[in-house]
Amino acid sequence: MTPNLSYLNITPSSIHYNPSYDELFHDEVEKHEGIVTANGTFAVDTGKFTGRSPKDKFFVVEETSQDNIWWGPVNQKASNEVFQELKAKVEKHLNGKELYVTDAYCGASLKSRLNVRVVCQFAWQAHFCKNMFIRPEEKELANFLPDFTILNACQVVDEKWQDHHLNSEVFVIFNMAEKLAIIGGTYYGGEMKKGIFSVMNYLLPLNGILAMHCSANKGTDGQTTLFFGLSGTGKTTLSSDLEKDLIGDDEHGWDDEGIFNFEGGCYAKTIDLNPEQEPEIYNAIKRDALLENVAIDPISKEVDYSNCSKTQNTRVSYPIYHIEHIVPDSQGPHPSSVIFLTCDAFGVLPPVSKLTKEQAMYYFLSGYTAKVAGTERGVKEPQATFSPCFGGPFLTLHPTKYAELLGQKIDTHKVPVYLINTGWTGGPYGVGERINLPATRAIVHAIQDGTIEDASFTKLPVFDLGIPDFIKNVDSKLLNPQNSWENPVAYLEKSKELAKMFIDNFHQYEHGDFDYHKYGPLL
C-alpha cells in the first residue's frame with residue numbers, strides 16, 4: 001500500500017511506506033547516512049543542530065486556535081501568508097524525490113490517540129519516528145488517515161527569513177487549522193517528536209485531559225509513579241528501574257481512566273552513560289536503536305559515551321520493548337505518587353521533601369532546575385532555570401491551564417507529591433558534591449512503597465519544605481541540607497539567593513484567582 005500525498009501537493013518519485021527496521025538499516029548503510037557502531041547500532045550526526053531550535057518555532061495565527069494559544073517566546077506568531085509561501089517551497093523541494101512516509105500513533109489511549117504522518121527524505125529520520133511513535137499493526141494501516149502531518153524538508157532554508165519576521169533561516173511552523181507542520185533548515189530528529197508533543201499539549205487539555213512532560217513506571221503492586229523534570233534531572237534514568245515496569249520515559253496523558261504513554265519508544269541522553277548505574281538504558285542500545293552525535297572510535301567503532309566534544313546532548317532513541325521491564329499496553333492506573341525532579345546546583349534544596357497540594361501547584365508552575373558549567377556555552381556558574389510545568393518549550397496553552405488540571409487530578413485521586421533534588425549537597429556546584437544515584441533511587445523506592453510516611457518531618461527555613469528525618473539506605477545527614485554544609489550562615493545566604501530567584505520568576509503568575517505565590521519561599 002502506498003499513501004496518496006496529493007493533499008500535500010507532492011508527487012514523489014518513490015515512497016518507502018512504513019519500512020521495516022531491516023529495510024531502514026539497509027538504506028541507512030547504502031546511503032552512507034551514518035556509521036554502524038561495534039555492536040550493530042546505527043549512529044548519525046545531525047550537523048550543527050544537536051538540539052531543538054526553540055527560537056525558530058512558530059504557530060500560524062488563524063481563527064481556530066488563536067484565542068487558545070499561549071503567545072510569546074515559546075509560541076511565536078507567523079502569518080498564514082508566510083506559512084503558505086514556505087509550504088510551497090517545501091512541497092516543491094520534496095516533489096519528485098524519493099521519500100519516506102511514516103504513519104504512526106501518538107497516545108496509547110484509543111480514546112484520544114493522534115494519527116500522525118511524517119514525510120521526510122532520510123532513512124534515519126524515518127527510523128527515528130518509527131522508534132518514537134507507536135507502531136501500528138499492518139492491518140491498521142489499510143484505513144489510516146492522518147490527523148496531523150509533518151513535512152520535514154531539512155535541506156530547505158528560508159533565505160527571506162528577515163522579511164518573513166522569523167528568527168533565522170531555520171523554521172518549524174505549525175498550522176493547527178490545516179493540521180500540518182513544516183520543518184526546514186535543521187536535521188535534528190527531536191523537532192519531529194517534540195513538535196507532535198506540542199500538538200498533543202494543545203488538543204488534550206481542551207478536552208480535560210492533562211498532557212505531561214514526565215516519565216512513568218508501575219510496580220508489581222500495580223501502583224504508578226510519575227516523574228516530572230527538565231533535561232538532566234534524572235527523569236529517564238529514575239523511571240528505568242529494574243524493580244519496576246516502564247510505562248514511558250518522557251510524554252504522558254492523564255485522563256479519567258488513568259495514565260497513558262504518548263510514545264512507542266524512549267529518547268535518552270547518553271553522556272557519561274554507565275552500564276552499572278543505568279543498565280536498562282545501556283542494554284537498550286543495540287540494533288534498531290539510533291544513536292545521535294556520539295563519539296565513535298574510527299578503527300574499533302566503539303562508542304565513547306564520556307566524549308562530549310560534539311555536544312553534551314548526545315542521545316539514543318530506541319523502541320520501548322528494548323527495555324526488559326515494560327508495561328505492554330503503555331498504560332497505568334491513576335498515580336499513587338507524583339515526583340518533581342530538580343537538579344539544584346546551588347545545594348540548597350533537600351534530597352527529598354513532601355509538598356502540600358498548594359506547594360505542588362507552586363513548584364509545578366515554577367519548574368525549577370539549574371544549569372551548571374559545561375552544559376551550555378558561556379555557562380560558568382550555576383544558573384537557575386525556570387520552565388513552567390517542567391516543560392515550558394512544549395506548552396501550547398497557558399501554563400495555568402495545565403496546573404489547574406494537575407490540581408484537580410491531585411484532589412480527585414488524593415495523590416501525594418514530592419520534590420526530589422538530584423543536584424548538589426554540602427555546598428553549591430564546585431564546592432559540594434552531587435547527590436549519588438543509589439541514594440536517590442532509595443528515596444524513590446521509599447516514596448513508592450510508602451515507608452517515607454513513617455518518618456518525622458521538619459520544616460526547611462525560607463522554603464518551608466517538609467523534610468523526612470529518616471529513609472532506609474540513605475545517610476540521615478544527607479536529608480537536611482543545612483546539616484551537610486560546613487558553614488550554616490553560608491547556607492542561609494545561598495537559600496535566600498535562590499528564594500529570590502523563585503519569587504522574581506513567579507511574579508508572572510500572581511494574577512487572578514489562580515495564585516499560589518504565598519506557597520513558595522518567603523523572604
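**Core.** I started with the largest nonpolar core, which has 146 residues, with Phe340 and Phe463 making the most contacts inside it. By nonpolar core I mean buried Ala, Val, Leu, Ile, Met, Phe, Trp, Tyr and Cys residues joined through side-chain atoms within 4.5 Å; buried is under 20% relative accessible area (exposed over 50%, partly exposed in between; 1.4 Å probe, protein chains only). Helix 9 (residues 437–449) gives this core its largest share, seven residues. Helices (H or I, at least four residues) and strands (E, at least two) are DSSP runs numbered from the N terminus. I also found a second, separate core of 17 residues, with Leu273, Ile281, Ile320 and Ile323 among them.

**Caveats.** I'm working on a predicted model, so to speak: local features need pLDDT of at least 70 and side-chain atom pairs pLDDT 80 or more, while totals for chains, interfaces and linings use all residues. Numbering runs from 1 along each chain as its sequence is written, and side-chain values use heavy atoms, without hydrogens or water.

**Phe463.** I listed its contacts (heavy atoms within 4.5 Å). Leaving out residues up to four places away in sequence, Phe463 touches Val348, Leu349, Gln359, Tyr363, Ser495, Leu498, Ala499, Phe502 and Pro521.

**Strand 26.** I then checked residues 417–421: five of the five are buried. Val417, Leu419 and Asn421 point one way, Tyr418 and Ile420 the other.

**Neighbours.** Strands pair if DSSP finds at least two bridges between them. Strand 22 (residues 337–342) runs parallel to strand 26 with five bridges, and strand 23 (residues 352–355) pairs with strand 26 antiparallel over four. I looked up Ile420: it is the bridge partner of Leu341 and of Val352.
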